[in-house]
Amino acid sequence: MKTTIEPFRIKVTEPLQQISHRERIARLKEARYNVFLLDAEDCPIDLLTDSGTGAMSTQQWAAMMLGDESYAGSRSWKRFQHTVQEITDMKHIFPTHQGRAAEDILATVRLRPGDIIPNNSHFDTTRANVEFVGAIALDLLCAEGLDSNLDTPFKGNMDVERLEECIQTYGRERIPFCMITVTNNTGGGQPVSLANIRTVREITARHGIPLIIDACRFAENAYLIQQREEGYKAKSLMEIAQEMFSLADGATMSMKKDGLVNIGGFFVCNDDNLAEDFRNLLILREGFPTYGGLAGRDLEAAAVGLREALEEDYQEYRHATVRYLSTRLDDRNIPYVRPVGGHAVFIDAKQFLPHIPPLHYPGIGLVNALYIEGGVRSVELGSVMFGSFDEEGNERPAPLELVRLAIPRRVYTQSHFDYLIEVLDEVWKKREEIGGYRITYQPKLLRHFTCHFEQRSMN
Ligand code: F0G
């Protein structure tokens, strides 16, 4: 059959309400043109994130009833530990309430001001946690990763020559660890090949630098390796994931993605000293090491979800959804990052709205137009999220201006996506009428979440 069907049927439904075009204009104005400040009930197609927004399976809900809420050493912890151990084969396993808690503790126990952390691309919270302790987050994405029109299989790879240079320039002493993000969320959800992880491993190991995987979407990365990398067709997703983790010294993970749960994260590592330092701060910040900020039932749901994410039919369905969207964008010549990644379609706002200069935020222009047109909530990954300021305080744009349509796991059906295509179609037709924005308020850190905008006039 040509059609990939959802490998599940729906047992519980959640109503969606549509508000009118006029109401959407009013809501967006009240939200200071920042879709993070909208009420979720006013966003019928909410593609803000694929994080924590997935639907759990019957197996997960059933497992939750088995939650053992003991403070220490619960049965739920043991089941969770067993699953994470099988996937990562790491010696020390620590649950955290979400991914950024693991990043925060890792950065606090290992980084000093002036340290350098190389990564293919840091996610915003990872960057913020590195920078918060005075260290420098360096993105070393391969050149292909910056060209959104190029259709090559592993655009999330790290530029290994620049990694070597970085180690020569700064010295091993200033690099307490190196990270690699799979898949590379901020660069279009692009996968990293095992060959690249292996080379990064060889380089870092030669210099005695630990390698930490940001593993939020490890299962999607494993699927894309199976599909695209020579020699992996016959391997199971579990085997590929195990090979990925075997090349690392540790990993941070937001289970809100490929853990298929609504909350949860973990940190794993092999080094006893790092584990000791991590454990001490974990107890202070998150809780006892066998629950780390999560309920026993959360650990149960994650233990099941982490395995379900590695099921072939689940990954096939998920990737069929993004392919379905991308072929329809192709039909209309709407510019997006090629090839489509695992968890989202990233529209290229620079090409979609070439008349809006980067510092007038074309991404925000497109995000807001999609909301007004059809109540679709998306997110800007461009100069608002990743722009920076030089020493004189001048704002510098980000290299890419993307709008991410993130796909929550197992939540929307094909007709929701057909509706989304219609909305995109309408906005594409009206693109010349879309204007830029100006920031009127911004906080010091992670400004995109809470900043306020106003519309710029069109002339
Ligand atoms: N690393 C990556 C690659 C991520 O995508 C995220 C979260 C995190 C770390 C932090 O995990 O949210 O559990 O604290 N990404 C979400 C997103 C928020 O929308 O892409 P967290």
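Start at the ligand and select Gly-99: a polar backbone atom of this residue is 2.8 Å from a ligand oxygen, a polar contact in the sense of N or O atoms within 3.5 Å (within protein, one must be able to donate a hydrogen and the other to accept it, and residues adjacent in sequence count only if both atoms are side-chain atoms). You are looking at a predicted model, in which local features need pLDDT of at least 70 and side-chain atom pairs count only at pLDDT 80 or more, while totals for chains, interfaces and linings use all residues. Residues are numbered from 1 along each chain as its sequence is written, and side-chain values use heavy atoms, leaving out hydrogens and water.

An N or O atom in the side chain of Arg-217 is 3.0 Å from a ligand oxygen, and for Arg-404 the corresponding distance is 2.7 Å. The ligand taken alone exposes 470 Å², of which the protein buries 94% (Shrake-Rupley areas, 1.4 Å probe; for residues, only the protein chains shown count as cover).

Of its 17 residues, Thr-49, Arg-100, Asp-214, Ser-254 and Lys-257 come nearest. Helix 4 (residues 99–110) gives the largest share, three residues; helices here are DSSP runs of H or I, at least four residues, numbered from the N terminus.

Move on to Arg-318, in helix 12 (residues 312–332). Is Arg-318 buried or exposed? Its relative accessible area is 4%, so Arg-318 is buried (under 20%; exposed is over 50%, partly exposed in between; 1.4 Å probe, protein chains only). Its side chain makes a polar contact of 2.7 Å with that of Glu-220, and a polar atom of the Arg-318 side chain lies 2.8 Å from the backbone oxygen of Ile-407.

The side chains of Asp-68 and Ser-70 are joined by a polar contact of 2.6 Å.

Finish with the cores, sets of buried Ala, Val, Leu, Ile, Met, Phe, Trp, Tyr and Cys residues joined through side-chain atoms within 4.5 Å. The largest has 59 residues, of which Phe-80, Phe-218, Met-244, Met-255 and Leu-306 touch the most other members. A second, separate core of 58 residues includes Val-35, Tyr-361, Val-376 and Ile-407.

How values were computed: Near = heavy atom within 4 Å. Helix = DSSP H or I, 4+ residues; strand = E, 2+ residues; numbered from the N terminus.
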